[in-house]
Amino acid sequence: MGLLQTRRVFVAILALGLFGMGARNVNDPDVWWHLRTGQLIVQNHALFHADPYSFTKFGAPWIDHEWLSQLLIFGVYKSAGWSGLSVVFGVVIATAFMVVFYRSPGRPYIAGVITLLGAFASAPSWGVRPQMLTLLLASILLLILERSYERPRLLWLAPPLMLLWVNLHAGYAVGIALIVLFLLGDALDVAFGFGEPNLSDKSARAGRFRTLAVVIVASAAVVMFNPYGPAMYAYPLETLRSRAMQSYIGEWASPDFHQLRYAPALAMILATLLLPALSPRRLRPRELLLLSVTTYAALRSVRHIPIYLLIAIPILSATVHAGLGERAHAKPVKTKQLPMTVAKASFNAFLLTGFLVFLLARVRFVHNHQLETEAKNFPAAAVSFIQAHHPPGPMLNHYNWGGYFIWKLYPDYRVYIDGRADLYGDAFMNDFAAVYYLKGDAWQSTFARWGIQTVVLPPDAPLVTALRALPSWEIIYCGQQAVVLTRKPV
């Protein structure tokens, strides 16, 4: 009956609950071109170095920094379909947050509740996307960095982790930044008298600093070992500097706290700002540094909220833990367990079984509603029409639909634009926005330059409204999601 102790059942339900939150229908706009790229890598036994998908950037240099993630995504889809992708990425997300849970003081109940609140705050960014692998690897790296104070050799796991990371996603830069922040945080801890117990003498502290410095150099060095070589050093910085991505892509913009989905993130930010002032536990300088940097990142971009929460959850858990008069260290609280009766064990077994049944129903629900989700978020009916009637190209498409068209229509049609904003660049993104919103006569010069013959956009797009009024254009398909217009033959 030991396995049915309330604490263990609570942890099991927490893990299962996180999985249930993470296993969701596939609706990310980029998953489609990830699938196609993974498929073509497998078929051609070669990686891409130039754009194959668009007619506007065809042949332009392309850094496919997610190539290994794409192989994973396509491999899972090929073997287990959409349900497999939902389950695998649900496990990835749940594992990332369970690692956070195990880093948090006040286990299981305080840490569990705060981990769950943090998960709700992070959930708007979840999905079948390579960013979730960055979330998992960042969570593991933070565990390594924190446990390395007791087991210094763990630090040497960072370079091989970075080697894997740089081939999965350009978010590897988050990992290097975290190691640098720990180095700076350790220096601040020493300066303000917050040294670790096993780093009490100068030689131990010096050894720690040297090791961290070497690990940073080694982690940066292994970044070279990717198909694009040193270009991967600049890639994350170029992405962060893109003003067009921040202007036009929702997850790169600052969170709009007027939207209900960002309320949990706002609550977490306010809690980490206010509760430490009421707690007997003082934040270490290293914690303040990590919290300040990641809070700024989260306020600057929705995309960074999950990384902020990897830092904030353990700090908030420790703060609440101390405020309730319990030990403020990362070891589980050892209290005397009440005797496990048959009735209590039976209730816990019933509760756990019920939760497992719920999860099975949840996975089945996700599986049964994937086509509905696709039709709701993407122009599935319009694509079927295009496949049947073959309107003339080149075709101008919505930004969010480019990846879907790559999966459904390539190579018969190449796209005008898709979710690879880094490939297209700020100037092209601004031009597309000018065309879409009818700024000046940009659309006329763009149509002439690229010879646009077909337009597939939402019915309420300003450009659609303008084309409807022109005698030289006609609507050949009109649905709730999309309108297809073609230029009339002269």
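User: If helices (H or I, at least four residues) and strands (E, at least two) are DSSP runs numbered from the N terminus, where is the place of L438?

Analyst: L438 sits in the loop between α18 and α19 (442-450). This is a predicted model, in which local features need pLDDT of at least 70 and side-chain atom pairs count only at pLDDT 80 or more, while totals for chains, interfaces and linings use all residues. Residues are numbered from 1 along each chain as its sequence is written, and side-chain values use heavy atoms, with hydrogens and water left out.

User: What is the phi of L438?

Analyst: Phi is near 55° there, a positive value in a residue other than glycine. Most residues other than glycine have a negative phi. L438 is partly exposed, with a relative accessible area of 29%; buried means under 20%, exposed over 50%, and partly exposed in between (1.4 Å probe, protein chains only).

User: And H390, is it buried or exposed?

Analyst: H390 is exposed, at a relative accessible area of 52%. H390 also has a positive phi, of about 50°, although it is not a glycine. Its location is the loop between α16 (380-389) and β1 (395-397).

User: Turning to peptide bonds, which bond has omega near 0°, and which has omega of about 10°?

Analyst: The bond from R107 to P108 is cis, with omega near 0°, and P108 lies in the loop between α3 and α4. A cis bond with omega of about 10° joins Y410 and P411. P411 belongs to the loop between α17 (402-409) and α18 (421-436).

User: How far apart are the end C-alpha atoms of helix α1?

Analyst: The end C-alpha atoms of α1 (residues 6-22) are 24 Å apart. This agrees with expectation, because 17 residues at 1.5 Å a residue should span 24 Å; the expected span is 1.5 Å times one less than the number of residues.

User: What covers the buried residues of α1?

Analyst: The cover includes α3 (67-103), α4 (109-122) and α14 (342-368). Among the buried residues of α1 are V9, V11, I13, L14 and F19.

User: Now the strands: which strands pair with β4?

Analyst: Strand β2 (residues 454-457) pairs with β4 in the antiparallel sense over 4 bridges, and V455 stands opposite L485 in β4. Strand β3 (residues 473-478) also runs antiparallel to β4, joined by 5 bridges, with Y477 opposite V484. Two strands pair if DSSP finds at least two bridges between them. β3 and β4 form a hairpin with 4 residues between them.

User: How many residues of β4 are buried?

Analyst: In β4 (residues 483-487), 4 of the 5 residues are buried, and the strand is mostly covered.

User: Finally, which residues form a nonpolar patch on the surface?

Analyst: L163, M224, F225 and Y233 form that patch, with about 380 Å² of accessible area together. Accessible areas come from the Shrake-Rupley method with a 1.4 Å probe; for residues, only the protein chains shown count as cover. F225 is exposed, at 58% relative accessible area, and is found in the loop between α8 (202-221) and α9 (231-241).

Definitions and conventions
Patch = residues over 30% accessible without salt bridge, like charges linked within 9 Å, V, L, I, M, F, W, Y side chains within 5 Å. Salt bridge = Lys/Arg side-chain N within 4 Å of Asp/Glu carboxyl O. Contact = heavy atoms within 4.5 Å.
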